[in-house]
Amino acid sequence: MKISESSAKRGNLCFREKEFLRGAACWILVAQLAGLPIASAAGDKFAPPAAPASAASDPVLKAMQNEITRASAELGKTEQPPYYLSYTVYDQDFVVLVGAYGSLLTNTTAQRRFADVNMRVGVPELDNTHGQSRPSGVNSGSLPLGNDADAIARVLWELTDREYKRAVPSLLNVRTNTAVRAEEEDKSPDFSKEKPQTHIGEVEAAAPFERAAWEGEIKRLSGVFRKYPEVYYATVMIQVQRSNSRMVSSEGSAIVSPSASTRLIMEAQTRAEDGMDLLRVETFQAPAASGLPSEAELTGKIEKMAADLSALRKAPVAEPYDGPAVLSGRAAAVFFHEVLGHRLEGHRQRDEEEGQTFTKKIGQEVLPKFLSVIDDPTTHEMAGMKLAGAYDYDNEGEPAQRVEVIKNGVLENFLMSRMPIKNFGQSNGHGRNQPGRMPTGRQGNLIVTSTKTVPEAEMRQKLMDEVKKQGKPYGLYFDDIQGGFTLTTRALPQAFQVLPVLVYKVYADGRPDELVRGVDIVGTPLAALTRILTTGDQPRVFNGVCGAESGQVPVAAVAPSMLFSEMEVQKRAHEHERPPLLPPPGFEDAGAAKDAQTKAEVKP
Amino acid sequence: MKTLHRPSASRACKRLTGIVIAALLAMNAAPSRAATEGAKAAPDAAMVAAHAAAKGDGLLEALLTELDRSKAQLKMDQVQAPYYVEYRVSEVEDIGAEAAYGALRENQHVHVRVLRVVVRIGDYKQDSYFGRGQGESSILPLDNDPIALRHQIWLATDGAYKAAGQALAEKQAAMKQFSVDPNPVDDFAKAPQMIAVEPTASLKIDEAGWKKTLEDVTSLYKQYPDVQSVTASARFSAINEYLVNSEGTVTRSGKTTYSVQLSSSTQAADGMRLSRSPAFMVARLEELPTRDALMGEAKKMLETVVALRQAPIVEEEYRGPVLFAADAADDIVASLIGQNVLGQKPQLGKPNRTTGAFATSYKARVLPSFLSVVDDPTMKDFQGKSLVGSYAVDSEGVKAQAVNAIESGMMANYLIGRVPIRDFSTSNGHGRAGPGSFPGPSLGVLLVKSSEAQAPEVLKKKVIQMVTEQGKAYGYRVETLGPGNSPRLLYRVYAKDGHEELVRGAVFSELDIRAIRNDLIAAGNDPLVSNRAGGAPTTIISPSLLFGELEVKRADTSKDKLPDYPAPPLKK
C-alpha cells in the first residue's frame, strides 16, 4: 500500500457502504454502469468481440505490433530510451440488467475499448517505477472501437508520447531519492527478466445471450421480493460480459486472451428496529447465462434470503466474545484470503511501509502442519463451481502458475509479479491489475487443503466438544459471510476483519442453536492462524472481487470449514436510522400483509 | 487496506454517483407548452384536480398515490409532519457518440428515470430545507408497474422525511450562532397550483448516419499533418420532466436538445498549446448543420488551428479598445452578467441579498445605460433559431415569466425560483434543475439589448478611429473565446488599413464587472443565439460588444514539450 491512510479510508468506505445501502444503492448501481465509458450498440444483438484465431488476421493486434515496433525504434533514438514498452488493449462488451420489485431499473448494453501503455526507462536494476513512483509506469486511455489501424496507431502514439513524458522525469526523481535516502533493505531490481510469450487464446463457443427472455426472468425474480414487506431494498442483476485482452511488448510477447463471464447477483436488505442494516447477497457465476441455475432454483434462493433476513431482524445482537468457533468453508476461505493471502503478495515483502509479517519466515512453520495453501489460477473449477480467479496469462504476459505457498504448514513461496524480491527473482504468473493500474503480486484462486479432517456433519459436534472442554457456555458457528478486509501496513495495527452474515450460537447444554446478528470477526493474523484445531472435508468456494493497490481483480478462495480454539468477535458499528415509517406499497393496510401474495403477483 | 467481497452492485463508490449526476447534468432540454388552471383551489379540491390531470399517465399516478400517503401519514415522534412534499422525475433518454481520427471511440445510450424527493418540515417562514434536508434522489423503474414505481418513491420519501427532521434541528442549532435577523426572509415562497400536462418527447435519430458523419469529419486529420488531435462528438437528449407537489401542482413536459461539438488541438513550434472547439446546439434536429456544412466547419476549425501555429505571440501588454464579436460577447455576458443576475440565496447567517457580484447592486447601475437585459424563457425562437433555454413552466411548477433584470443599465430584478431573497418574495419562474439535482435560480433565455445598436462594421471602424487617435498601430478584435474567457481567435486590427492579423498567447486582464459597467462603450445590432448545455440548458443572446479600454497581455502559460517522436505514418 502506497499511502496507508488513504487506502485505509478507501477500505472503510467500501465497508461502510454495506451498512449504508438503503435506497441509494440502486442509484449507486446505475451510477456504476453509467460511470463507465459506455458504448452501446442499438438492437439486441450481443456478439462476442472479434478475437481472431491468429495474430496475422487480427488487425488490432497487428496495428499494436507495428506501432510498438515503431515507438521502440523512435524512442530508442532519444537520450533516455525506454528499456521496456508494452501495450495492452482491453475490449469489453457487456449487457447489464437490473431489476427491482418486478421492474427493470437498468437495461444497458455497453461496449468499450481501452489501452494501457506500460513503459520503463532506466535499467531493470533501477527504473522509473521504483518505490513510490510506481504509477509512472502506466498511462491509459480509450481507443477507437473498430479495426481502423491508422486511428488505433494514432491514439497509441498519443498515449505513448504522454507516458514517455511522465516516465523520464520520474526516473530522475527515483535516482535523486535513491541517492539521498538510506539504503533499502531489499536491494532487488525493479523488473525481472522473463522469456517472451506468444499465445493466441481461443474464443469459447457460447450460446447467444437471450436478452428478451432474461429481461422477463430478471423482472420475475426481482418481483418475488414483493411478497416480503420487510425486505425493503432488493435488486437482481445480471451482467453478461465478453472480453478480450491483447498484449504486445517490446520484448516480443504477443498474447491474446478472450474470456466470457456471466454473473447474477441478488441482494436483499432489511433493517432491524435498532437501525442495523442487514444484508443478504447471493451470487452465481458461469461462462454464459445458460450455465446459471434455473429460475425455480433462483426463486428458492430468494425465498431463503427473505427468510434469513426475517430471522435476522428478530435475532438478538451478539455480545463481544472470545472462544471456540467454526467457520464454514466459505467463511474460512475469506478468512484465509484476508489474513494470509494478502500478506503473501510479493511486493509487500520489499515495501518498507508494509508490516512484512511473513517476509523472513520462509522455511518456517506459519500454520498448523495439517494445512497447505496453494494459489492456482490454472484451476478453473472446484467443488462443482467455476472459480472467478482463473486465468491463463497474468497482466504482465506471464503464464499463470500453480504456486505452493505453504506446504504442510511451512512457508515456501510468495505470489510474484515481475517485481523481484530478495531470493525470489522471477515472476510466478501472479502479476495482476485492473486496467489502468500497475500490476502487483495478487491472489488468483487461493486454495486451502487439510490432512486433518472430519466429515462436515461432525464439525458442529467438534465445536460443542471444544466449548465443553473450555468450560464456555457456547461457541459460534459462522455460516455465511459477505466479505472482509485487512490492513497490512506498519503505520496502522496489523489487523483484519471478516464480515459474517449468518452466525449461530451453539450452546454447550444442548439448547437449539440461536441466530445472532451484528458480529464482526477481528484479530491479528499470526495469532489467529495458529488456533485452527481441525477442518471439515469439503472444500467450499467464495467467488469475489478483491480490491488493493493494483485495483479490482476477480478472485476465488477455497477452503473447508475450520474449527478454531479461539476466535474474537466484536459488535458491528451500524447506523441507527429507523426502518421505513410507512408500510411498503401493496401493504398499506395493517391486515393487507396476509393477502399480499395476490397483490404482489408480477405480470410477465 | 485490501477488501474482498462478493461482486456486489452496491459496492460502487460514491465517486461514480458523482459521475452519473454530472453526466445527467450535462444533458439538455428544450421547450413545450403549458396551461394554468385552478390557480387558487382549496387543498382538497386541488388534489382532486391533480388526480384528474394525472389520469392515464402511470408515472404521475404512482407519484400522486405516494404523495397522498406521505402527506396524510408521514409522522415520526418528536418530528413534525411535512408541510410540503414534492416529487420531480426526469426521464432521460440520451444518445452520445464520439469519434477520433476517423474512427468511432465511444457510443452510449442512456435511458434512466431519476426521482428527486423534497420533504419540507416547518413552515414557509422557516423550514428544513438545509443540508441533507434538500432532498433525496433515486432511480425509478423504466416501465410503469405501479408497485415497483411506488416502492422506490416510498423509500426515497422515507429517507427525505428523516433527513428533513435532522436538517431542521441542525439548521436551528446553526442559527443560534447568529443574532436574530429583524427582517428575516422566508425559506419558501407560496406558489399557485399549476396543472400543465404536456406531451412527452422522444428521440428519432439516424444514429448510423451520425456516427458516419463524426468519423468523416474527424478523418480530416489526414489532411492537416500539423494538427495533433481531432475529435468530434454528438449528444442527443430527450428529457421528460414530471412534477407533482402537495399543493396540487401536476406538470409534465418534454424537451429535446441536439448538440455536436468539434475539437482540435496542436502545439506551435515553441510548444504553446493551441485548440479550438466549436459547438452547435439546437432544440430542433433539422437545425443542426448537415454533414457537408459540418465538414466545412471542421475545415475552418482546422485551418484556424494551423494558422494559430504561425501567428505571432502577444508579447507586450496593450490597453485600448477591444471589440468582442457576438460569439465572444455571449461568453462574457454568460459569466459576468448571467451569473450575477441570479437571486441565489446566500448561506445561513450571511447578510447579502444573493451570492452573486450584483448582490448589493439593486437599483444601482451595473451596465452602461444603453444596455438592458431581459430573461424571457417564454421566447421559443429568435430570428428563426430554436432556443434551448425556453420553457413554459419551471422545475418548481411555476409559470415562466419574462423578467427585466437590468433596465437601462440599472439592476432591476433578480431571477429567482421559490426560494425568496431580500426584496423578492415570490418566484418569477426561474427555479430550474438538472435531472436528480435540486432546483435553483437559473437563466432561461437571456437577451442583451442595446438602445443604440450599431453595425459590427461601424464598431470596427470605431476601433480604428480610437487607436488612430491614441497613436496606436492597432486595436484588437476577438472572435471567439475559450475556457476562462481566454481568447481563442484574437485579431489585431491595424489602424493604417484596417487589415487583421491573427495572434496567439494572449489573455484579457481585468475583464470584470467594473469593466462591463464603465468601459463598455457600444453594442452591435447583430444579436447571436448561443445555446448552452448545463444542469438546465440555457440560451444567451448577445450582440457584439465594444470595450473602450481593456488590457490584453501575454498569457502566463508554460510551453509544453513537443512530441518526442513523429505521429505514425498513414496506411490508407
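Start in chain A by selecting helix H5 (residues 211-224) and helix H6 (residues 295-314): their axes come within 9 Å and cross at roughly 25°. Angles under 35 degrees count as roughly parallel, so H5(A) is roughly parallel to H6(A). Keep in mind as you look around that this is a predicted model.

Turn the view until one helix lies over the other. H5(A) passes H6(A) in a right-handed crossing.

Now show side chains where the two helices meet. On the H5(A) side, select A:Glu217, A:Leu221 and A:Val224. On the H6(A) side, pick A:Glu295, A:Leu298, A:Thr299, A:Ile302 and A:Glu303. What kinds of residues make up this contact of H5(A) with H6(A)? Colour them by type and you will find 4 nonpolar, 1 polar and 3 charged.

Next, move to chain B and select strand S18 (residues 445-450). Is this strand enclosed or open? S18(B) is largely enclosed by the rest of the structure, because 5 of its 6 residues are buried.

Which way does strand S11 (residues 371-375) of chain B pair with S18(B), parallel or antiparallel? The pairing is antiparallel, over 5 bridges. To see one of these places, select B:Val374 and look for its bridge partner in S18(B), B:Leu447.

For a last stop, select B:Val445 and find B:Thr539 of S25(B) standing opposite.

Terms used
Residues numbered from 1 in each chain as written. Chains lettered and ligands numbered in written order. Predicted model: local features only at pLDDT ≥ 70, side-chain atom pairs only at ≥ 80, totals over all residues. Axes fitted to C-alpha atoms, helices over the stretch in contact; angles between N-to-C directions. Helix = DSSP H or I, 4+ residues; strand = E, 2+ residues; numbered from the N terminus. Parallel < 35°, antiparallel > 145°, perpendicular 65-115°, else oblique. Left-handed = near helix turned anticlockwise from the far one by under 90°. Contact = placed C-beta atoms within 7 Å. Nonpolar A, V, L, I, M, F, W, Y, C, P; charged D, E, K, R; others polar. Buried ≥ 20, exposed ≤ 12 C-beta atoms within 10 Å, placed from the backbone. Pairing = 2+ DSSP bridges.
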